[in-house]
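Work through the exercises below with the structure in view, and try each task before you read its solution.

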Amino acid sequence: MKLIISVFFTLVLGVGTGWIVANIQHSRGGEHFAPNNALNPAVAVPEKEVSEDAEIRVVNGESYNFGKMMLGDTESWIFQVKNTGSKPLELRLGETTCKCTFVSEGVFDKDGKEPTVIAPGDVLDVELKWTPKSKTIDFHQSAELKTNDPARELVVLQVRGRITQTLQVSPDYVALPNVNTSDGATKEILLLCAMEEGDWSVTGLQWSDEKSAGFFNIEIVDITPTQMAVDMDAKSGRVLRLELKPGMPIGAINQTLIIKTDVREGVEVACQIAGNVISDISIVGRGFDPVGQVLQLAPIESKVGGRATLQILVKGENHKDIEFEITHVDPSDIMHVSFGEKSTKEKLTRVPLIVEFREGTPAVSRRGSLNKFAEIHFKTNHPIVKEVKLYVSFIVK
């Protein structure tokens, strides 16, 4: 009987002890996992104290990224400047990075003598405007505000983005080296626009050199998506098919194509075209520049005179039947021009061209620049090359 009572009291004591321990652990666990928020007074965050001085804060940020804009456009952005201090905030204009960025008028004293004052808690709108003058990948402009905030005496407001050109040609330089006058040449010029299709058009074409303009032809056709992908900003475009017709005189090509449009009240773009024309007829010899078609002579002594001989070379199926006739010499009283004896081989005909300054020739200069070059013109019976012109640079002492 005593044994049964002893076991009973031992069980009761064990259960009671376990219940007490479990409650203590549960109580401690509840404190350990209490939520860490504003309802827990142990972790409450105190509010920021208001500054005893003037304090500047740009509510919507001190830097604005406009993405991209067209060259020549004007855009603006308003920065909201707030006084978060307890004293009046004084602002004065500082430096700007260039003339195409400025702060709107009426807000600040441009001379910087009188401050613009913002009362505690008030907000001032500061507008910046900019007009890009050149295309750039990274456009970055800024304007400074001088303040009486002891912690921030200078605040820099910034605008940045990318500038796109409304209209451009690609390429803007076309090279036509060694074009045979019998064949001519063709090239494609892309006209790319940042405006949508239908919002603009080509209104006219103009050539800088009217004398050679008749040898050029332009056909305007639709652009393909692949061609337009040359410029990531292009939304539309045209293809200008340039043709240099056969028959252009031998020598240098120096032409500019001016493309007129109705974009932005008549924006014009230009493409330079340069190169040289060769043919079945060519001229070689000491001192002769085949690109400019200019013969450069050493100074000539009047009492001695001088002489130069060039070689006219003719190739092609008509070379054996070629004939030349001098049609113009300037100055004809100073410079005497004639042809030597023609020699013909299977694939080439050679004709000497003799330029002579006789003994006693008066002093004269035809070096070019202020004194234009001397000229020699001769016509041919070639089916394509009807006339050849060359120039002579000389001085007689």
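**Exercise 1.** Which strand gives the most to the lining of the second largest pocket, and with how many residues?

*Solution.* Residues are numbered from 1 along each chain as its sequence is written, and side-chain values use heavy atoms, with hydrogens and water left out.

A pocket is, on a 1 Å grid over the protein atoms alone, an open set of points where a 1.4 Å probe fits, with protein on both sides within 12 Å along at least five of seven lines, and its lining residues have an atom within 4 Å of a point. Strands are DSSP runs (E, at least two residues), numbered from the N terminus.

Begin with the 15 lining residues, of which Gln296, Leu297, Ala298, Arg307 and Ala308 lie nearest the centre of the second largest pocket. Two or more residues each come from strand 20 (294-296), strand 21 (306-314) and strand 25 (349-357). Strand 21 gives the most, with five residues.

**Exercise 2.** Find the strand with the largest share of the lining of the largest pocket.

*Solution.* First locate the centre of the largest pocket, to which Asp209, Pro249, Ala252, Lys389 and Tyr391 are the closest of 22 lining residues. Next, strand 16 (251-261), strand 27 (374-380) and strand 28 (387-396) each give two or more residues to this lining. The largest share, four residues, comes from strand 16.

**Exercise 3.** Where does pLDDT stay under 50?

*Solution.* Although the protein averages a pLDDT of 85, pLDDT stays under 50 over residues 1-45. Where pLDDT is low, the predicted coordinates should not be read in detail.

Conventions:
Predicted model: local features only at pLDDT ≥ 70, side-chain atom pairs only at ≥ 80, totals over all residues. pLDDT = per-residue confidence, 0-100. Contact = heavy atoms within 4.5 Å.
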